[in-house]
Amino acid sequence: MEDNRQRKNREIMGTILIQIVFYQLLFLVLYEVLLKRDTHYNLQRFYLLLLPVLALILPFIVVPVLSEGISETYQVSMPGIFLSEAGGNSELVSTSTNPSVGSSHSIFLKIWIVGALLSSIWFLWKYRSLLKLRKNASIVNNGNYKLASLPNTDVAFSFGSTIYLGEGLEEQAREVILKHEIVHVKQKHSMDLILYQLLRMVFWWNPILYFFQKRLEAVHEYIADAEVVEHMAKKEYYQNLLSQVFKTNGISFTNTFYKESLIKKRIIMLQKIKSPKRSKLKYLLVLPLLAFMLFVVSCASH
């Protein structure tokens, strides 16, 4: 009896993990195909923050009406195989009847825990690097943000309410970067990245989260760029992006002004004409996608 219960729990857990990755992949594909090229950056930010987290919750949401209306002939069970008998009844033959499956499940769980611990240690090491930089900085409180001047470097990034600027930066570039980083601080972009760091610590084996985080980092830059160019000439801003090569600090949960892989994309997005308001309706396509996912969950739980 206990063995059957453990097998059932393993099957349920396997189903949930498969669904989470599948749903996140669908949300990512929708973003890449229909939403990525819009200039509705705040909507994109909301999408990239909410949908990956929603995918973690969806496997636990069962709609009774859907679940009860599904014929047993077409029910879905993962992982499992349906074998039809002569009488037409379906019998679920679990793939976990093999004793070695229980052992492999235990090994997988141990690997997951070890991976999560290593990811946590890596996160703490990066945070320690940030604290070391802060310790050597000269910090001035400017009300809405703190400005930390770092000696003997030309790094430029922000985290939390603090903007870190290297003293080696040219004065003109320093002013432009400061305006850019103030937007990150004001909109609390680093908190978005912390959320993703926490998700990646737990689900370190899931590459979809990495792609979501990269898209979100790009949207953060587009938001800050768009706000800065409202108060200065675009040509001057382009020149600052292209002429300065700022070093980065390698801390993935900070907002870095210069990231070489994003410079071309940022300039392209700055040149784009603003998307019409009616294009926001495309985000409603999430609703039928959610309906499909709820149907799948209800099938799997039947």
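Which residue forms a salt bridge with Lys 186? The partner is Glu 227, and the closest N and O atoms are 2.5 Å apart. A salt bridge here is a side-chain nitrogen of Lys or Arg within 4 Å of a carboxyl oxygen of Asp or Glu. The model is predicted, so local features need pLDDT of at least 70 and side-chain atom pairs count only at pLDDT 80 or more, while totals for chains, interfaces and linings use all residues. Residues are numbered from 1 along each chain as its sequence is written, and side-chain values use heavy atoms, with hydrogens and water left out.

Stay with that pair. Lys 186 sits in helix 5 and Glu 227 in helix 7, 41 residues apart, and the bridge links distant parts of the chain. Helices (H or I, at least four residues) and strands (E, at least two) are DSSP runs, numbered from the N terminus. Lys 186 is exposed, with a relative accessible area of 51%. Glu 227 is partly exposed at 22%. The cut-offs are these: buried is under 20% relative accessible area, exposed is over 50%, and partly exposed lies in between (1.4 Å probe, protein chains only).

A search of the whole structure finds eight salt bridges. Another of them joins Lys 282 and Asp 38, with the closest N and O atoms 3.1 Å apart. This pair also links distant parts of the chain. Lys 282 lies in the loop between helix 9 and helix 10, Asp 38 in the loop between helix 1 and helix 2, and 244 residues separate them. Asp 38 is buried, at 6% relative accessibility. Lys 282 is partly exposed, at 27%.

Lys 214 is partly exposed, with a relative accessible area of 33%, whereas Glu 217 is buried at 6%. Salt bridges that share partners also join Glu 32, Lys 36 and Arg 215 into one network.

Now turn to the nonpolar interior. A nonpolar core is a set of buried Ala, Val, Leu, Ile, Met, Phe, Trp, Tyr and Cys residues joined through side-chain atoms within 4.5 Å. The largest one has 51 residues. Tyr 23, Phe 27, Tyr 47 and Tyr 237 have the most contacts inside it. Elements giving two or more residues to this core include helix 1 (2-35), helix 2 (41-57), helix 5 (171-186) and helix 10 (286-300). Helix 7 gives the most, with 10 residues.

Tyr 47 shows how the parts meet. Leaving aside neighbours within four places in sequence, Tyr 47 is in contact (heavy atoms within 4.5 Å) with Phe 27, Leu 30, Tyr 31, Leu 35, Pro 52, Tyr 283 and Val 286. A second, separate core has 11 residues, among them Leu 130, Leu 150, Phe 159 and Met 201.

Go back to helix 5. Its 16 residues should span 22 Å at 1.5 Å a residue, and the end C-alpha atoms are 22 Å apart, which agrees. The expected span is 1.5 Å times one less than the number of residues. Its buried residues include Arg 174, His 180, Glu 181 and His 184.

His 189 is buried, with a relative accessible area of 0%. Beyond four places in sequence, the contacts of His 189 are Arg 45, Val 183, His 184, His 220, Ile 223 and Asn 255.

Last come two backbone angles. Most residues other than glycine have a negative phi. Lys 188, in the loop between helix 5 and helix 6, has a positive phi near 55°. This residue is exposed, at 54% relative accessibility. Asn 152 has a positive phi too, near 60°. Asn 152 is in the loop between strand 4 (146-150) and strand 5 (156-159). The relative accessible area of Asn 152 is 81%, which makes this residue exposed.
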